[in-house]
Amino acid sequence: MNRRVLGATFILASLIPAGGQNSNPAADLIIRNAKIWTVDRDHPEAEAIALLGDRIVAVGSNQEIDAWRGPNTQVQDAAGKRLLPGFNDAHVHFTSGGQQLDNVQLNDVTSAQEFARRVGERAKKTTKGEWILGGDWDETKWTPAQLPTKELIDSVTPKTPTALDRYDGHMILANSLALKLAGITAKTPDPDGGVIVHDAQGNPTGALKDAAAELIYKIIPEPTHDQRRHSIERALEHAASLGVTSVQHMNPDYADVAIYAELLEQGKLTTRIYAAPLIPQVDDQVKIGIRRAFGGPYLRIGALKSYADGSLGSATAYFFDPFNDQPNNRGLLSDAMHPMSLMRERMMKADVAGLQLCTHAIGDAGISAILDIYSEIEKAHGPRDRRWRIEHAQHMAAKDFERFAQLHVIASVQPYHAIDDGRWAEGRIGHDRASRTYAFRTFLDHGVRLALGTDWNVAPLNPMLTLYAATTRATLDGKNPNGWFPEQKLTIKEAIEAYTMGSAYAEFQEDVKGSIVRGKLADMVLLSDDVLTIDPVKVRNVKVLETWVGGKLVYDAR
Ligand SMILES: [Zn+2]
């Protein structure tokens, strides 16, 4: 048995008597006959595992683990199924995800008529004053593919204020009532970092890009405490059902953090949370004096999320050169980057306080601008283990991979976006730039660490879809069955490692979770099929049988 004591095993020291295996304390639970992929490079495979309390106390062969059996030990036979460390989604919008499970669903709509029909159905079910929100529409799936306008939904929502999100979160469609409530007219100027789309007559079409959406968001009533709690509970259930045992919540509202704290106190938090509030609120965390990854095993804060630019889909990601399909547009820096010195000051302040930076940057010039700021901070404050992140890191300038590595920046990436955007991205940015898009292999080749996630609610939370996307790069339209830029594929082992240890590292938690190793938290997922050996194309159909968080079974489909 491996007696090597790892970082987090101190609490176990007192439980392991000197007398050897036969005097081990009894485990609470033993899972045997499993095919365990531990993500521990020294001992990658095992058959059985013993748990005590919320921790793993032993990993090994069936025979070795039987030594931990006592009269009260629960023993489970995994029937040869694959057991992995629980997935850690490094980038989610957890409350929006939970809300989305209840919202009108427009993502799979394929025509303007169907779009209007579903919105109309929802309008019939809303009560007075209630908004229709969400939707995650994607006009690229429509025939013909054209941006929706308010006229499409006005007749079915005469009394219901409506603001429907594009699936990438960088554009909304508002109906006339919502525009009126927000006071948006033909004369309203574009805010910094945003665009109010106008028709040929100069009237707003209802489409509002990036910062322009704020004009609407600020008048939508905040969800009540109970509504918010309901959304988070939905999200927790959803995560458990998918084997997601940790999430890193990007730009939560403080009210979300308050509900996490409430659920934690009640013992109802079944997913571990690391929350990264938006950087304009940097002073709050600085004032309290907390540092990165502050908190307990279920709830941590100490990071700050920023936006450098917009998205490719909304043509607001910030590039050095114009879009191939929009020669006068090279995207936008976000409002938080106007002026850029504002972002630099906030980030400097966060760094002095020991807080972690997680920065959304998608276009090559947006990424470059953030790397510039990171490197200025390092020059000013000296080197340190900071684990800066760039969220998405989607379209890299060739010159920046090396800089990324030198600054030890983590690429927090969402492979599902690659098979989704891969349908049309080349038309927007051309072949050369597309070759450095979602360039997971090039990152690894440069020694850059990856953390995997989904950006849920922007993409599905299901880790099987992420693994499928990372290993096949087969675009959703079926046009690239052998992979869109196949040289950038990850192996299944690399993808799992980036989704467990990689994400744990990205939140300073690699000593307590991310692999099935003695002393770590017992966060695990048992799968219906062996993702390590089946055809990668079939990975998307794999189901979760059981999810364990801290030794507790939080999802059971066996
Ligand atoms: Zn996001």
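Tutor: Residues are numbered from 1 along each chain as its sequence is written. In this predicted model, local features need pLDDT of at least 70, and side-chain atom pairs count only at pLDDT 80 or more.

Student: How many helices and strands are in the chain?
Tutor: The chain has 18 helices and 26 strands. These are DSSP runs: helices are H or I with at least four residues, strands E with at least two.

Student: What makes the radius of gyration agree with a compact globule?
Tutor: The rule is 2.2 Å times the number of residues to the power 0.38, over C-alpha atoms. For 558 residues a compact globule would be near 24 Å; the chain has 24 Å, so the two agree.

Student: How much of the chain counts as buried?
Tutor: Of its 558 residues, 58% do. Buried means under 20% relative accessible area, with a 1.4 Å probe and protein chains only.

Student: At what angle do the axes of helix α8 and helix α9 cross?
Tutor: α8 (residues 225-241) and α9 (residues 254-265) cross at roughly 65°, their axes coming within 10 Å.

Student: Why is α8 called roughly perpendicular to α9?
Tutor: Angles of 65 to 115 degrees count as roughly perpendicular. The crossing is at roughly 65°, so α8 is roughly perpendicular to α9.

Student: Which residues of α8 and α9 make the contact?
Tutor: Contact means heavy atoms within 4.5 Å. Among the residues are Arg228 and Ile232 of α8, and Asp256 and Leu263 of α9.

Notes: Heavy atoms only, no water. Axes fitted to C-alpha atoms, helices over the stretch in contact; angles between N-to-C directions. Parallel < 35°, antiparallel > 145°, perpendicular 65-115°, else oblique. Buried < 20%, exposed > 50% of the residue type's maximum accessible area, 1.4 Å probe, protein only.
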